[in-house]
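This report examines how two protein chains meet in the model shown below. It begins with a detail of strand pairing and then turns to the interface as a whole.

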Amino acid sequence: MDFSIRTATLEDCKDIARMILELAEYEKVLDQVKVTQKDLEQDGFIKNPFFHGIVAEVPEEHRTIEGHIKVGYALYFYSYSSWKGRAVYMEDLYVMPDFRGMGIGKALMSKVAQLGLAAGCSQLNFTVLDWNKPSLDFYLSQGCTDITASIGYHCLRCEGDKLEQLAKGSA
Amino acid sequence: MVDTNFKMSFKVRAAKKEDCKDISRMIMELAVYEKMPDQVNISHKELERDGFSPNPFYECLIAEVSDENKTKDGYTIVGYALYFYTYSTWKGRSVFMEDLYVMPDFRGKGIGKGLMAKVAQIGVEKQCVRLQFSVLEWNKPSLDFYVAKGAEDLTAKEGWHFFRFDGQALHQLAKEAPED
């Protein structure tokens, strides 16, 4: 099946929001999604955007039952390693179930790698849940390293009340 | 030798371009502590270029003590926190603290806490809902410090694994991108 990858525009936020919910459902955390189409429009299309997006589109004749032609996306942002410099972080990579196995996910990820290299990045980083075997297999087959397994890298987070307390300096 | 019982005042402020040499010095000290000094590829030049442009890749705070408390090598800049903004497609704006470091002789005085609290405050002002960072699992002092501040270990709790493409694998992946 033919498909094309292009930079996301403001108008794509509706479809990206739709697919974010589909991905959250797959990751079993649908009730946790607070981001809306409006948030994406506000946060991704300002002077110093919080993220960048690319979308995968199929021709009209392959549209989904609901009429969608945008069938995948990758959302990424630039980050920094104090040892290696510029890096890119891929926050989401998603292809609708009926469109998997056609190279779309690989093409989206490759595009993020290409854009990252063009911006002077030397790393492409992302996270995967340890139970997500299809994704783990896919990524490892592409040549990446599981930094958590290899050097014991743990991801930590402060949010909600704990974040507010920390910000007040009173935690 | 600094008297660790002496109550020392310090100031946390945004880094300026001129601070990059000190930040670079402390990055190297932190790499030595993490047992990977040979892994540092960037110098103060990259820090200057990447942190002080119209679309910076990171922001940085530094902790400064007064002249009478300077180190034996003459430094008054004794700690830093390097961070950047990220995005969670579930929760929205977030901030990632890439490095938090205080020189050994200046620990136990609230400087690390002061730096981290300031990153949190800046994030909250920008409507960030999360502060994230990483710790190596053998680094028990740091893990204890962060958990005491209310952080959760997502790797232990939810099975998050951090993955990376770099070097040859990154270039190979990029070569396979479709034509525009």
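## Strand pairing between the chains

In this predicted model, Thr145(A) has Arg164(B) as its bridge partner in S7(B). The pairing to which this belongs joins strand S6 of chain A (residues 145-146) to strand S7 of chain B (residues 160-166). The two strands run in the antiparallel sense, with 2 bridges between them.

## Extent of the interface

Contacts between the chains involve 79 residues of chain A and 77 residues of chain B. Together the two chains bury about 7,600 Å², and carbon and sulfur atoms account for 59% of that area. On the side of chain A, 14% of the area buried against chain B comes from Tyr80(A), Trp83(A) and Arg157(A), more than from any other three residues.

## Polar and charged interactions

Between chain A and chain B there are 4 salt bridges. One of the salt bridges links the side chains of Arg86(A) and Asp50(B), with an N to O distance of 2.8 Å.

## Composition of the chain A side

The element that gives the most to the side of chain A touching chain B is helix H3 (residues 104-118), which supplies 8 residues. By residue class, this side of chain A comprises 41 nonpolar, 21 polar and 17 charged residues.

How values were computed:
Residues are numbered from 1 along each chain as its sequence is written. Chains are lettered from A and ligands numbered from 1 in the order in which they are written. This is a predicted model: local features need pLDDT of at least 70, side-chain atom pairs count only at pLDDT 80 or more; totals for chains, interfaces and linings use all residues. Side-chain values use heavy atoms; hydrogens and water are left out. Contact means heavy atoms within 4.5 Å. Buried area is the accessible area (1.4 Å probe) that two parts lose on being put together, summed over both. Helices (H or I, at least four residues) and strands (E, at least two) are DSSP runs, numbered from the N terminus. Ala, Val, Leu, Ile, Met, Phe, Trp, Tyr, Cys and Pro count as nonpolar, Asp, Glu, Lys and Arg as charged, and the others, Gly among them, as polar. Two strands pair if DSSP finds at least two bridges between them.
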